[in-house]
Amino acid sequence: MLRLAPAGARAIVDMSYARHFLDFQGSNIPRAMQKLVVTRLSPNFREAVTLRRDCPVPLPGDGDLLVRNRFVGVNASDINYSSGRYDPSVKTPFDIGFEGVGEVVALGLSASARYTVGQAVAYVAPGSFAEYTVVPASAAAPVASLQSEYVTLPISATTAYISLNELGGLSEGTKVLVTAAAGGTGQFAVQLAKKAKCHVIGTCSSDKKSAFLKSIGCDRPINYKTEPVSTVLKQEYPKGVDVVYESVGGTMFDMAVDALAVRGRLIVIGFVSGYQTPTGLAPVKAGTLPAKLLKKSASIRGFFLNHYLSKYQAAMDHLVKMYAGGDLVCEVDLGDLSAEGRFIGLESVFRAVDYMYMGKNTGKIVVELPRSVNSKL
């Protein structure tokens with residue numbers, strides 16, 4: 001059974017008739033949509049991905065929502081996905097995009113126990129770079145409205161929240177280094193560490209980003225374009241830092257290892273500096289790593305959100321409440337300052353990915369999807 005939004009009424013129809021109803025019985029849901037599809041495995045997003053303009057709108061299953069996307073998030077790992085690194089056995093074509101905010105326009109009967117047609121949700125599910133996405137109800141969270149800020153929560157904020165809670169061991173006075181601190185997830189690591197009464201150092205690439213970091217409580221922003229990170233850490237933190245939230249990789253990873261205090265903990269949530277390479281990796285000084293860790297009784301832990309799904313819903317609910325209560329800044333970058341202006345429409349996802357890898361963004365990069373001219377929504 002499927003619940004959906006026809007023109008002027010709600011209905012429950014048998015799944016065998018759902019497609020006929022969607023297409024011909026006055027539904028607000030069009031029969032076709034646009035979406036981005038990976039048609040060639042490559043870390044070059046423009047080479048890997050194609051915009052297809054006449055794709056059938058998918059049907060939700062019993063426990064699913066059909067979401068009309070209003071905003072979608074761009075992640076550094078989108079090019080890992082387009083290159084097939086997450087699943088080497090994957091075959092093209094396949095959908096892409098990890099998260100979005102939109103309106104529920106149809107849903108399965110089981111999903112209707114918690115959600116209703118017309119409700120705004122934020123979600124994490126594959127295939128968000130599309131006008132419509134089928135989302136398992138368990139992967140969605142109700143939100144107050146269709147605001148771009150909510151796109152920051154499903155991946156970027158939950159990654160920071162869960163990883164720091166599970167692996168960080170934060171307490172008052174803990175010295176925390178956040179790399180790429182003004183980016184999509186770094187901004188949350190800074191704020192959550194400050195709420196735990198930590199001293200926070202954040203690396204970034206411009207004075208504008210330094211100012212943003214100060215505005216969200218960062219004690220010591222470091223613009224690595226004007227200050228050598230290793231020198232600052234050695235001079236101002238001679239005993240080292242207790243926790244590193246690391247997403248850059250390469251030389252930044254090496255500097256972070258060297259900066260660890262005794263019993264320091266380095267959390268790897270990514271290594272973006274290597275994602276555009278054929279291997280997806282940036283070289284690090286692995287040969288000396290065991291000795292460095294042993295000398296300080298230090299540790300390195302990897303964090304991949306999919307391995308902590310048992311913690312996800314509680315984290316998401318908490319973060320939504322924090323934002324709604326004004327206790328969390330969710331900075332978004334919609335590309336207003338980019339050369340061609342605001343990121344609007346699926347075709348602008350390509351520009352948004354380029355913008356991210358040029359290091360231009362402050363906060364989470366978000367693409368706005370206007371209502372289709374072919375849609376009655």
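Domain bounds here come from an automatic or database domain assignment. On that basis the protein splits into domain 1 (28-152 + 331-368) and domain 2 (156-307), with 28 Å between their centres, taken over C-alpha atoms. Before going further, note that this is a predicted model, where local features need pLDDT of at least 70, side-chain atom pairs count only at pLDDT 80 or more, and totals for chains, interfaces and linings use all residues. Residues are numbered from 1 along each chain as its sequence is written, and side-chain values use heavy atoms, with hydrogens and water left out.

**Where the domains meet**

Taking contact as heavy atoms within 4.5 Å, domain 1 brings 18 residues to the meeting and domain 2 brings 19. The buried area (accessible area, 1.4 Å probe, that two parts lose on being put together, summed over both) comes to about 1,400 Å², with carbon and sulfur atoms giving 52% of it. On the domain 1 side you'll find six nonpolar, eight polar and four charged residues. Here Ala, Val, Leu, Ile, Met, Phe, Trp, Tyr, Cys and Pro count as nonpolar, Asp, Glu, Lys and Arg as charged, and the others, Gly among them, as polar.

What about salt bridges, meaning a side-chain nitrogen of Lys or Arg within 4 Å of a carboxyl oxygen of Asp or Glu? Between domain 1 and domain 2 there are zero. Eight residue pairs do make polar contacts across the interface, both residues being at pLDDT 80 or more. A polar contact is a pair of N or O atoms within 3.5 Å; within protein, one must be able to donate a hydrogen and the other to accept it, and residues adjacent in sequence count only if both atoms are side-chain atoms.

**Salt bridges elsewhere**

The whole structure holds 13 salt bridges. Some examples:

| Pair | N to O distance |
|---|---|
| K35 and D95 | 3.0 Å |
| R40 and E47 | 3.7 Å |
| K364 and E99 | 2.5 Å |

K364 sits in strand 18 and E99 in strand 7 (residues 99-108), so this pair ties together parts 265 residues apart in sequence. Helices (H or I, at least four residues) and strands (E, at least two) are DSSP runs, numbered from the N terminus. Both K364 and E99 are buried, where buried means under 20% relative accessible area, exposed over 50%, and partly exposed in between (1.4 Å probe, protein chains only). R40 and E47 are partly exposed, with 48% for R40 and 41% for E47.

Eight of the nine residues in helix 11 are buried. Those buried residues, R351 and Y355 among them, pack against several elements, including strand 3 (32-38), strand 4 (49-56) and strand 18 (364-368). Just after the helix, G359 takes a positive phi of about 70 degrees.

S338 lies in the loop between strand 17 (332-333) and helix 11 (349-357), and is buried at 11%. A polar atom of the S338 side chain lies 2.7 Å from the backbone oxygen of G335. Leaving aside neighbours within four places in sequence, S338 contacts F343, R351 and Y355.

A298 lies in the loop between helix 9 (289-296) and strand 16 (299-302), and counts as buried at 14%. Its C-alpha is 6.1 Å from that of V262, although A298 and V262 are 36 residues apart in sequence.
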